[in-house]
Amino acid sequence: MREESAPGARHGYIIRQMMVEDLPAVMALEQAAFKNPWSQDLLKRELQHEWSTILLVEEPREEEGPELLGLAIFWIVHDEVHVLNVATAPRHRRRGVARAVMDEVLERGRARRCTLATLEVRKSNEAALQLYRAFGFRPVGIRPNYYVDEGEDAVVMVLDF
């Protein structure tokens with residue numbers, strides 16, 4: 001069961017669900033944001049799962065239409081939100097984009113009566129660790145070599161609603 005999103009005016013950004021037509025822009029964002037971006041096939045598959053949601057964060061522009069600033073990919077399964085990916089375009093970092101989309105992700109989890117949210121984050125990603133801690137996530141473990149290409153560990157974090 002997919003939920004339609006209302007524009008997220010709370011943060012001054014538009015937050016909406018991704019559509020297939022958004023793939024080129026999302027791929028460009030992934031490639032700019034990550035050394036090892038998600039593939040187009042993987043993103044297409046996520047769009048087909050009823051438990052998966054990809055939210056886009058956009059900023060209105062007068063002439064060219066909205067600009068894609070960031071995204072979040074998450075699952076809601078039973079009473080749990082699992083955040084798989086949060087990305088912000090490098091030139092829009094430190095503007096509250098990730099905070100806005102995470103706020104929306106967690107709000108959707110609460111609306112679906114979830115009791116728990118989980119995620120993995122690179123051990124070296126201090127900005128993301130700080131953001132997740134600000135939402136109340138706490139570290140509960142380490143996944144060694146989770147990011148295989150770089151051999152980096154992931155910190156497993158949990159938030160109780």
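Predicted model: local features only at pLDDT ≥ 70, side-chain atom pairs only at ≥ 80, totals over all residues.
Residues are numbered from 1 along each chain as its sequence is written, and side-chain values use heavy atoms, with hydrogens and water left out.

The protein chain comprises four helices and seven strands, where helices (H or I, at least four residues) and strands (E, at least two) are DSSP runs numbered from the N terminus. Their order from the N terminus is β-α-α-β-β-β-α-β-α-β-β. The radius of gyration is 15 Å, in agreement with the value near 15 Å for a compact globule of 161 residues; the radius is taken over C-alpha atoms, and the globule rule is 2.2 Å times the number of residues to the power 0.38. Along the principal axes, the C-alpha atoms fill a box of roughly 45 × 35 × 30 Å.

Of the 161 residues, 47% are buried. Buried denotes under 20% relative accessible area, exposed over 50%, and partly exposed the range in between (1.4 Å probe, protein chains only).

Helix H2 (40-48) has buried residues at Leu 43, Glu 46 and Leu 47. These fall within an arc of 100° when viewed down the axis of H2, so they line one face of the helix; the arc is that of the directions from the helix axis to the C-beta atoms. Asp 41 and Gln 48, on the other side of H2, are exposed. The cover over the buried residues of H2 includes H1, strand S2 (52-59), S3 and S4.

A one-sided arrangement is also found in helix H4 (residues 126-134), where Ala 128, Leu 129, Leu 131 and Tyr 132 are buried. They span an arc of only 160° around the axis, which places them on the same side of H4. Strand S4 (80-88), helix H3 (97-111), strand S5 (116-122) and strand S7 (152-160) are among the elements that cover the buried residues of H4. Just after H4, Gly 136 adopts a positive phi of about 100°.

Two residues were considered individually. Glu 67 belongs to strand S3 (residues 67-77) and is buried, with a relative accessible area of 13%. Leaving aside residues up to four places away in sequence, Glu 67 touches Val 57, Glu 58, Glu 59, Arg 61, Arg 91 and His 92. The C-alpha atoms of Glu 67 and Leu 23, which are 44 residues apart along the chain, are separated by 14 Å.

Asn 36 is located in the loop between helix H1 (23-33) and helix H2. Asn 36 is partly exposed, with a relative accessible area of 35%. With residues up to four places away in sequence again not counted, Asn 36 touches Asp 149 and Glu 150. The C-alpha atoms of Asn 36 and Asp 149 are 8.0 Å apart in space, although the two residues are 113 residues apart in sequence.

Definitions and conventions
Contact = heavy atoms within 4.5 Å.
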